[in-house]
Amino acid sequence: MRMTDTVLYEVSDGLATITLNRPEAMNALNVAAKVALREAVESAAGDGAVRAVLLTAAGDRAFCVGQDLKEHIGLLVKDRETGSRQTMNTVRDHYNPIVRALAGAAKPVVAAVNGVAAGAGFGFALAADYRIVADTAAFNTSFAGVALTADSGISWTLPRVIGPGRAADLLLFPRSISAQEAYELGIANRLVPAGDLRAEAEKVARALAEGPTVAYAALKESVAFGLTHSLEEALEKEDELQTRAGSSEDHAIAVQAFVNKEKPKYLGR
């Protein structure tokens with residue numbers, strides 16, 4: 001395990017586990033945490049030995065409540081004193097790279113949401129491909145509540161998950177969304193008892209890490225492409241990606257296993 005004070009990073013049998021590790025601060029994102037998280041997700045996304053990613057957090061109160069406002073206040077004061085706007089560069093320097101790495105990783109990303117996910121924490125959960133949520137968790141966009149607009153990709157992801165009308169409601173009028181409501185809205189893919197969250201999330205993530213990685217990457221790419229292109233363009237993209245998946249070793253393994261009535265053992269290539 002590689003460890004910093006704020007983020008834990010471990011790779012085991014093709015699964016990279018990234019754990020936000022500021023439970024005493026409800027895993028709020030100070031500068032150190034944002035840098036460490038960016039490095040961890042970019043490392044996981046770029047490592048060919050990693051076939052799936054599990055993003056979670058320490059403690060049982062919060063997944064991530066977003067920006068560390070205590071640190072943020074001090075940085076804003078410093079900006080005013082120096083005439084700088086460095087503080088708000090965090091979107092470009094930290095949040096955007098984190099979301100790009102999570103959403104764009106050529107491998108499945110699972111978020112295990114153990115508690116409150118607010119602001120950028122909500123955005124990071126939405127950037128994952130699959131969200132397993134503890135029944136004690138909650139979600140909140142938070143941005144308008146502190147006179148800010150959306151960031152961490154949430155203006156793109158939230159409308160696509162729950163529709164633009166509901167997204168506008170949650171962004172304009174921030175409120176706490178229970179785990180049950182999140183499941184009903186489609187924010188949570190799977191709802192589990194809090195005590196079972198880690199085991200269930202690891203089970204799902206490890207199953208994905210043992211799966212056909214090339215096919216998973218193509219599925220991610222095709223869905224993202226289809227959301228912003230015409231049917232004809234999506235059909236052409238499917239042709240391109242199916243050719244890629246069909247040329248993979250895993251496809252050959254799957255077909256042979258089917259013929260032999262065996263369970264395939266994928267190589268991730």
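**Reading charges and rings in a predicted model**

User: Is Asp-250 buried or exposed, and which side chain of opposite charge is nearest?

Analyst: Asp-250 is buried and has no salt bridge; Arg-51, the nearest side chain of opposite charge, is 4.8 Å away. A salt bridge needs the side-chain nitrogen within 4 Å of a carboxyl oxygen. Keep in mind that this model is predicted.

User: What does the side chain of Asp-250 reach?

Analyst: A polar atom of a side chain can be checked against backbone nitrogens as well. The side chain of Asp-250 reaches the backbone nitrogen of Leu-267 at 2.7 Å, and a polar atom of that side chain lies 3.0 Å from the backbone nitrogen of Gly-268. Asp-250 itself is in helix α11 (residues 249–260). Beyond its neighbours within four places in sequence, Asp-250 is in contact with residues including Gly-211, Pro-212, Thr-213 and Tyr-266.

User: How many salt bridges does the whole structure hold?

Analyst: Side chains of opposite charge can pair when their charged atoms come close. The search finds eleven salt bridges. One of them joins Asp-68 and Arg-22, with the closest N and O atoms 3.0 Å apart. That pair links distant parts of the chain, 46 residues apart: Asp-68 is in the loop between β5 (62–64) and α2 (69–82), and Arg-22 in the loop between β3 (15–20) and α1 (31–46). Asp-68 and Arg-22 are both buried.

User: Where do Arg-198 and Glu-202 lie relative to each other?

Analyst: Both are in helix α8 (residues 197–209), and because they are four residues apart, about one helical turn separates them. Elsewhere, salt bridges that share partners join Glu-221, Lys-237, Glu-240 and Arg-244 into one network.

User: Which ring does Lys-237 lie over?

Analyst: Lys-237 lies over the face of Phe-225, at 4.9 Å from the ring centre.

User: How many aromatic pairs are there?

Analyst: Two. For a ring pair, read the centre distance and then the angle between the planes. Tyr-95 and Phe-124 have ring centres 5.9 Å apart and planes at 70 degrees, so this pair is edge-to-face. Tyr-95 in helix α3 (residues 90–104) and Phe-124 in helix α4 (residues 120–127) are 29 residues apart, and both residues are buried.

User: What are the distance and angle for Phe-122 and Phe-139?

Analyst: Their centres are 5.1 Å apart with 50 degrees between the planes, a tilted pair. Phe-122 is in helix α4 and Phe-139 in strand β9 (residues 138–140), so the pair ties together parts 17 residues apart in sequence. Phe-122 and Phe-139 are both buried.

Note on methods:
Residues numbered from 1 in each chain as written. Predicted model: local features only at pLDDT ≥ 70, side-chain atom pairs only at ≥ 80, totals over all residues. Heavy atoms only, no water. Phe/Tyr/Trp six-rings, centres within 6.5 Å; stacked < 30°, edge-to-face > 60°. Helix = DSSP H or I, 4+ residues; strand = E, 2+ residues; numbered from the N terminus. Buried < 20%, exposed > 50% of the residue type's maximum accessible area, 1.4 Å probe, protein only. Lys NZ or Arg CZ within 6 Å of the ring centre and 35° of its normal. Lys, Arg positive; Asp, Glu negative; His and termini not counted. Polar contact = N/O pair within 3.5 Å; in protein donor to acceptor, adjacent residues only side chain to side chain. Contact = heavy atoms within 4.5 Å.
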